[in-house]
2 protein chains.
Amino acid sequence: MSPRTEEQNALLKDERREHILSAALRVFAMRGFAATKIKDIAAKGNISHGLVYHYFQSKEDIFFELVSRALHVAGESLMYVDAMPLSPLEKVRETARFILGSIEQGQESSCYFMIVLHASVMEISEEEKNRVFKGGDVPALTLSKILAEGQKQGEIKEGDVYGMTSVFFAAITGLAVNKLGFPGMKMPDPEILVQMVMK
Amino acid sequence: MSPRTEEQNALLKDERREHILSAALRVFAMRGFAATKIKDIAAKGNISHGLVYHYFQSKEDIFFELVSRALHVAGESLMYVDAMPLSPLEKVRETARFILGSIEQGQESSCYFMIVLHASVMEISEEEKNRVFKGGDVPALTLSKILAEGQKQGEIKEGDVYGMTSVFFAAITGLAVNKLGFPGMKMPDPEILVQMVMK
DNA sequence: GTCTATATCCAGATAGAC
DNA sequence: GTCTATCTGGATATAGAC
C-alpha cells in the first residue's frame with residue numbers, strides 16, 4: 001500500500017476546500033454573512049459541522065475567500081475581453097452578452113455578485129475594506145478605458161465615462177440580484193445596455 | 001393635571017413607533033435581517049432593549065413594516081410622476097432625476113432600496129413572499145406603461161419594454177446599494193438612464 | 001481525516017419592578 | 001411607559017474519540 005505523497009495530500013486538501021467553498025457560495029449569497037450558519041454550509045456539503053473548521057479557520061475566512069475570488073474573476077474577465085481584437089463598442093457588447101448570459105444560465109454568477117454586495121455593505125473598518133476590495137476596481141477601470149477609446153473613435157456617446165461605467169455595472173449587479181430573488185425572471189436583451197453608451 | 005386623551009396617547013405611540021422604525025432602517029439596511037440585533041436598534045434609538053417589544057411584536061415585524069413602506073412609497077412616487085402633465089420621455093427623465101437626487105442627498109432612500117433587496121433574497125415561503133411583495137410590481141408596471149406610450153408617440157426606442165424597465169430599475173437599485181457601501185461615490189447624470197430608452 | 005460532544009457566549013423574547 | 005433581570009435556545013469554535 002503506497003502512502004500518498006505530500007503533493008497528493010495537498011491536492012486532496014484543495015479539493016475539499018473547493019467543495020466547502022462551493023457549498024458556502026449559495027448559502028452566503030442568499031442569507032448574507034450573519035444569517036449563514038456553519039451548520040448550513042456543512043449540511044450543504046454533506047460533511048460534519050466540525051470538519052469545516054479543519055479546512056478553514058473561521059466563518060469569515062470562507063466568506064472573504066469567496067469575495068476575493070469574485071473580484072478576481074471579474075477583473076480577469078474584463079481584461080480578457082479588452083484584449084480581444086474588437087472595436088471598443090464590440091467589447092462593450094461582448095461584456096454585456098457574456099455577463100448577462102452567465103447570469104441567465106445558472107445561479108453561480110448571481111451568487112458571486114450578491115456576495116460582493118453583502119461584503120460591500122458590511123460594517124468593517126476602512127482598512128479592512130481596502131484589503132478586502134483590493135483590486136475590486138479593475139473591472140470599472142477597464143471598462144472606463146474601453147469607453148474612452150470608443151469616444152475617440154466616435155462609436156461611443158460623448159459624456160462622463162465614469163458615470164456610464166457605474167450605471168453599466170450597477171445595472172448588471174441589480175439584474176443579478178433580482179435573478180437571485182426571483183429566479184423566474186428573464187434576463188433582458190444585452191443590447192439595451194449597449195444602447196446606453198452607443199452613439 | 002389633565003389626563004391625556006386616548007387620541008393623544010395613540011399619537012405618542014405612533015411617534016414612538018416611527019422613532020424605532022427610523023432607528024431600525026439604517027441598521028437593517030447595512031447589516032441585513034439576521035445580523036441586526038434588537039440591542040443595536042434599541043441603542044440607535046436610545047431606548048432600552050425591552051421597550052422595543054412594547055411597540056413591536058418581533059424583529060420580523062419591524063423589518064417587514066419597513067419593506068412594506070419602501071414598496072408603497074416607490075409605487076406612489078411612480079404613479080405621482082405618471083400623473084404629471086408631461087410627455088412619456090419627460091416622465092422617465094423626471095423619475096430618473098427624482099430617484100438619483102434622493103439617493104445623492106442622503107442615505108435614507110438607499111437604505112430602503114437595500115432593505116427591499118435583503119427581503120427579496122430572504123428564504124421565505126412562496127406565500128410569504130407574495131404577501132410581503134404585494135404591490136411591489138406597481139413601479140415596474142407604471143414605468144412599462146409610460147415607455148409603451150412613448151413608443152407610440154415615437155419618443156422611446158422600439159424594443160422590449162419589459163427589458164428596458166428591468167434594466168432601468170436594476171441600475172437604480174445597483175447605484176443605491178453602491179452608494180450605501182461607498183458613500184463617497186458620486187451619482188451619475190440621470191440623463192444616462194434617459195438615453196438608454198430615448199430614441 | 002472525520003465525527004460527536006461540549007464549552008462558552010450571545011441573542012430574542014418575556015416577566016416583573018418602578 | 002420604561003427599565004432591568006432572566007429564561008431559553010442556538011451558534012461558533014474547540015476537544016477529543018475513532
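**View 1. Two copies, chain A and chain B, laid one on the other.** In this predicted model, a turn of 180 degrees with a shift of 0.0 Å along the axis places chain A on chain B, and the RMSD is 0.1 Å. That relation is the one given by a two-fold axis.

**View 2. Helix α1 of chain A packed with helix α6 of chain A.** Here residues 6-35 form α1(A) and residues 108-121 form α6(A); the axes lie 8 Å apart at an angle of about 50 degrees. The two helices are therefore oblique to each other, and their crossing is left-handed. On the α1(A) side, the contact is made by Leu25(A), Arg26(A), Phe28(A), Ala29(A) and Gly32(A). Facing them from α6(A) are Glu108(A), Cys111(A), Tyr112(A), Met114(A), Ile115(A) and His118(A). Sorted by class, this contact has seven nonpolar, two polar and two charged residues.

**View 3. A salt bridge between Asp82(A) and Lys145(A).** The side chains of these two residues meet at 2.6 Å, N to O. Follow the chain and you will see that the pair links distant parts of it, 63 residues apart. Asp82(A) belongs to helix α4 (residues 59-82) of chain A, while Lys145(A) sits in helix α8 (residues 138-152) of chain A. Over all chains, a search of the whole structure finds 20 salt bridges.

How values were computed: Residues numbered from 1 in each chain as written. Chains lettered and ligands numbered in written order. Predicted model: local features only at pLDDT ≥ 70, side-chain atom pairs only at ≥ 80, totals over all residues. Heavy atoms only, no water. Axes fitted to C-alpha atoms, helices over the stretch in contact; angles between N-to-C directions. Helix = DSSP H or I, 4+ residues; strand = E, 2+ residues; numbered from the N terminus. Parallel < 35°, antiparallel > 145°, perpendicular 65-115°, else oblique. Left-handed = near helix turned anticlockwise from the far one by under 90°. Contact = heavy atoms within 4.5 Å. Nonpolar A, V, L, I, M, F, W, Y, C, P; charged D, E, K, R; others polar. Least-squares fit on C-alpha atoms with pLDDT ≥ 70 in both. Salt bridge = Lys/Arg side-chain N within 4 Å of Asp/Glu carboxyl O.
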